[in-house]
Amino acid sequence: MSLVRDIHHVSLIVSDTAKALGFYQGVLGLKILSERPALPFPGAWLGVGARQIHLLELPNPDPVAGRPAHGGRDRHVALLVSSLNALIARLDADGLPYTLSRSGRRALFCRDPDGNALEFIEEA
């Protein structure tokens, strides 16, 4: 039996919390959670179903340039969506680039303003 039973949150490093929230709140529609503790750096906790994404405004130790164009070939967070078409419409409306999954399944990859790769899988 595994000691690990679930995922609580994923943390992503961002350079500007307000700019990141423009994407995560404005485009994706995620809500800010009030439970973020008083930490010595800016950031936000976002609700994703029963899980969370923590945005940490810190210097990024990883290179942003030179990452693969297709996020599926980079470390990424995979999120479930009820409608890939609705997400595509939002990304297109904001002029945000994305690539469709190369496996043929209903999924796409894009990057947030800081280059963090995200996968969106349409829930069947």
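This is a predicted model: local features need pLDDT of at least 70, side-chain atom pairs count only at pLDDT 80 or more; totals for chains, interfaces and linings use all residues.
Buried here means under 20% relative accessible area, exposed means over 50%, and partly exposed lies in between, with a 1.4 Å probe and protein chains only. Threonine 17 belongs to helix H1. Leaving aside residues up to four places away in sequence, threonine 17 touches Pro42, Gly43, Ala44 and Glu57, where contact means heavy atoms within 4.5 Å.

Residues are numbered from 1 along each chain as its sequence is written, and side-chain values use heavy atoms, with hydrogens and water left out.

I turn to the chain as a whole. The secondary structure of the protein chain comes to two helices and eight strands. Helices (H or I, at least four residues) and strands (E, at least two) are DSSP runs, numbered from the N terminus. From that end, the order of the elements is β-α-β-β-β-β-α-β-β-β. The radius of gyration of the protein chain is 15 Å, close to the 14 Å that the globule rule gives for 124 residues, so the chain is as compact as a globular protein of that length. That radius is taken over C-alpha atoms, and the rule is 2.2 Å times the number of residues to the power 0.38. Along the principal axes, the C-alpha atoms fill a box of roughly 45 × 40 × 25 Å.

Of the 124 residues, 34% count as buried. The protein chain exposes about 7,600 Å², and carbon and sulfur atoms supply 57% of it; accessible areas come from the Shrake-Rupley method with a 1.4 Å probe, and for residues only the protein chains shown count as cover. Among contacts in the protein chain with a separation of 6 or more, 54% are between residues 24 or more positions apart.

Next, the sheet that contains S1. In what order do the four strands of the open sheet stand? The order is S1-S4-S3-S2, and the pairing is mixed. S1 and strand S2 (31-33) stand at the edges, each with a single partner strand, so one side of each is left without a neighbour in the sheet. From one strand to the next, the twist averages 35°; axes are lines fitted to C-alpha atoms, for helices over the stretch in contact, and angles run from 0 to 180 degrees between N-to-C directions. Two strands pair if DSSP finds at least two bridges between them. S1 and S4 run parallel and are joined by six bridges, with isoleucine 13 opposite leucine 56 in S4.

S5 and S8 pair in the parallel sense over six bridges, and leucine 80 stands opposite isoleucine 121 in S8. Isoleucine 121 is also the bridge partner of alanine 107. S7 and S8 run antiparallel, joined by five bridges, and phenylalanine 109 has glutamate 119 in S8 as its bridge partner. These two strands form a hairpin with five residues between them, where glycine 115 in the turn has a positive phi of about 90°.

Strand S6 (residues 98-100) pairs with S7 in the antiparallel sense over three bridges, and tyrosine 98 stands opposite cysteine 110 in S7. The hairpin of S6 and S7 has six residues between the strands, and glycine 104 there takes a positive phi near 90°. Is S7 largely enclosed or left open? Four of its five residues are buried, so S7 is largely enclosed by the rest of the structure.

What, then, lies in the interior? The largest nonpolar core has 24 residues, and those with the most contacts inside it are Tyr24, Leu55 and Phe120. Such a core is a set of buried Ala, Val, Leu, Ile, Met, Phe, Trp, Tyr and Cys residues joined through side-chain atoms within 4.5 Å. Elements supplying at least two residues each include helix H1 (17-27), helix H2 (84-93), strand S4 (51-57) and strand S8 (117-122). H1 gives the most, with five residues. Phenylalanine 120 touches, among others, Leu28, Leu79, Val81 and Cys110, not counting residues up to four places away in sequence.

Finally, alanine 50 lies in the loop between S3 and S4 and, at 68% relative accessibility, counts as exposed.
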